[in-house]
Amino acid sequence: MTKDTGNSSFSGGLSMESAVVHGLTPFDPLTGAISTPIYQSSTFRHPGLGESTGFDYSRVVNPTRTELEKTLAQLEHGKDCLAFASGMGAISALIKIFKPGSHIIVSEDLYGGTYRLFNDYYEHYGYSFSWIDTSDFSLVEKSVRSETKALFIETPSNPMMKVSDIRRCADLIHQFNGRLIVDNTFLSPWFQNPLDLGADIVVHSGTKYLAGHNDTLSGFIVHSDEAAGQALRNIQKSEGATLAPFDAWLTLRGIKTLALRMEKHQQNAAKIAHWLRGHNKVEKVFYAGFADHPQYELSVSQARGAGGMISFYLKESAHVPLLLKNLNLILFAESLGGVESLMTFPLAQTHQAIPEAMRLSAGVNDRLMRLSAGIENAQDLIADLDSALGKCVTKTE
Ligand SMILES: Cc1ncc(COP(=O)(O)O)c(C=O)c1O
C-alpha cells in the first residue's frame, strides 16, 4: 500500500490569506494530522552514529518550532526565522551579532523594554545607541557615522504611531554597510513586509498579533541575511532562550486567523479613533490611519493597513485613573494585539523604564493612553469608552 502524502508542503505562490491558515506544512505527512503535532520531547533518538533525523536536541531544533519558524519566514518573505521565548529574547539575541563598540541608531519612540535592554545592559557591554525620532529622515541622516552598524526602528512607533520611511532608512544604512532592523510587531506581516522594502532583519513580539490571544509569549527574528543567520543560529543554540513546543503550537494556531483578526482589529481601531476625536474629554488622537496623520502618504506607500493600535491624550491627567477604573469591557492591562481590547497607561507601564526627558520628548506624558483594539463589537467598545469617559469628572469641573 502506498502512502498518500498529498501536497504536505506549500512552495509559495499562495495568497497570504491561505498561507496563514495552512502554514508551511498543511498536514503531518506521517499521520495526516491537520494541526501541527506538539513534539514535546527534549531529545531525539539517532538511528546510528553520524546519523540524524534532522532533530537531535530541542534547544537547537524542534519540529513544532521549525514549522512555526518556516511559516513566519514565508509570511515575512524572509529566508529564515528563529523563534525565541519572547520578543525581548529575540531582540537581545539579535544585538549580539554586532560587536561591542558598534553604534546603533534607535527610534526614540519605541517599546520601553527595548530601551531598558539597550540602555541598562548593552551600553555597559560597549555598545552605543543614539535615540532619535526616526520618522524625521533628516535626523537619521545626521546621526549615521562610520561605526554605525544598524538602524533599529519601530514603524508605526510605540506608542505615538509615528511612521518611519523603511525604504530610505534601508538605502542610507546600506551605504554605511549597516543593517536595517524593523520591529514589525504593530502591523504584523498581514499589513507590512519590511524585508520587501529593503530591511535586512525583522523582529516580532509574537506575543501580540501573531499569537493573538493574550495566552502566550513568543518572539521572532526573520531575515534574508546569510551571514547574520549563521551567527544567530549559534547565539540561539548557545544561549538557549528558544520557544517551547507548546508555545510554538499556540503561536501557530494564532497565526491561522491572523488575516481575519487583523482586518477586524483595524476596522475597530478606525471606528474608535474617529469617535475619540470628537470627544470633549480627549485632546488628541494618534492613529496611522487618519488621512491627516503627518506621515499618512508614507504609511500608505509602505504598509497595507494602519493596524489596530491607537493612542490619545486626555485633556486632564486627573482623568487617567477615573478612565481606567470605569472601563468594563476594555481591560486595563499591559500588552497589545490580542482578541481582547486592552487599555494601557504607557507612563506607568510599557514606557516606565524610559527617563522622563526622553519620554516627554517622544510625547509620552501623564495624559497619554494607548488602546489595543480587540475584535469585539465596535459599538460595544465605543459604549464602554463613552461610559468611562463620562465618569471622568474632577472636583474642579
Ligand atoms: C513593539 C514591541 N516590541 C517588542 C516587545 C517585547 O516583546 P515580549 O513582551 O514578547 O518580550 C513588545 C512588548 O510589548 C513590543 O510592544
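Tutor: Let us begin with a definition: two strands pair if DSSP finds at least two bridges between them. Please keep in mind throughout that this is a predicted model.

Student: In which sense do β10 and strand β11 pair, and over how many bridges?

Tutor: Strands of a sheet pair through backbone hydrogen bonds, either parallel or antiparallel. Here β10 and strand β11 (residues 342–344) pair in the parallel sense, over two bridges. Within this pairing, leucine 331 stands opposite leucine 342 in β11.

Student: What is the order of the open sheet of five strands?

Tutor: The order is β8-β9-β12-β11-β10, and the pairing is mixed. At its edges stand β8 and β10 (331–332); each has a single partner strand, so one side of each is left without a neighbour in the sheet.

Student: Which strands does helix α10 lie across?

Tutor: Helix α10 (residues 258–277) lies across β8, β9 (309–314) and β12 (368–372), and runs at about 15° to β9. Helix α12 (residues 319–326) also packs on the sheet, where it touches β9, β10, β11 and β12. The direction of α12 makes about 135° with that of β9.

Student: What is the order of the open sheet of seven strands?

Tutor: Its strands follow the order β1-β7-β6-β5-β4-β2-β3, again with mixed pairing. The edge strands are β1 and β3 (128–132), each of which pairs on one side only. From one strand to the next, the twist averages 20°.

Student: Which strands are joined to β7, and by how many bridges?

Tutor: Strand β1 (residues 80–84) is joined to β7 by five bridges, and the two run antiparallel. Strand β6 (residues 201–205) is likewise joined to β7 by five bridges, also antiparallel. Valine 222 in β7 illustrates both pairings: cysteine 81 stands opposite valine 222, and valine 222 is also the bridge partner of valine 202.

Student: How many residues of strand β7 are buried?

Tutor: A residue is called buried when its relative accessible area is under 20%. In strand β7 (residues 219–223), five of the five residues are buried, so the strand is largely enclosed by the rest of the structure. Gly219, Ile221 and His223 point one way from β7, whereas Phe220 and Val222 point the other way.

Student: Where in this sheet is a parallel pairing found between β2 and another strand?

Tutor: Strand β2 (residues 103–107) runs parallel to strand β4 (residues 148–154), joined by four bridges. Histidine 103 stands opposite threonine 148 in β4. Helix α6 (residues 166–175) packs on the sheet and touches β4 and β5 (179–183), its direction making about 150° with that of β5.

Student: Which strands does α8 lie across?

Tutor: Helix α8 lies across β1, β5, β6 and β7, running at about 25° to β1. Alanine 227 belongs to this helix, which spans residues 226–239.

Student: Is alanine 227 buried or exposed?

Tutor: Alanine 227 counts as exposed, because its relative accessibility is 54% and the cut-off for exposed is over 50%. By contrast, helix α3 (residues 87–95) is mostly covered, with eight of its nine residues buried. Among them are Gly87, Ala90 and Leu94.

Student: Where is phenylalanine 290 placed, and is it buried or exposed?

Tutor: Phenylalanine 290 is in the loop between β8 (282–286) and α11 (296–302). With a relative accessible area of 2%, phenylalanine 290 is buried. Leaving aside neighbours within four places in sequence, its contacts are Ala273, His274, Arg277, Val285 and Tyr296.

Student: How many disulfides does a search of the whole structure find?

Tutor: A disulfide is a covalent bond between the sulfur atoms of two cysteines. A search of the whole structure finds zero disulfides. Cysteine 81 is buried at 0% relative accessibility, and cysteine 392 is buried with a relative accessible area of 1%.

Technical notes: Residues numbered from 1 in each chain as written. Predicted model: local features only at pLDDT ≥ 70, side-chain atom pairs only at ≥ 80, totals over all residues. Heavy atoms only, no water. Buried < 20%, exposed > 50% of the residue type's maximum accessible area, 1.4 Å probe, protein only. Axes fitted to C-alpha atoms, helices over the stretch in contact; angles between N-to-C directions. Contact = heavy atoms within 4.5 Å. Disulfide = S-S within 2.5 Å.
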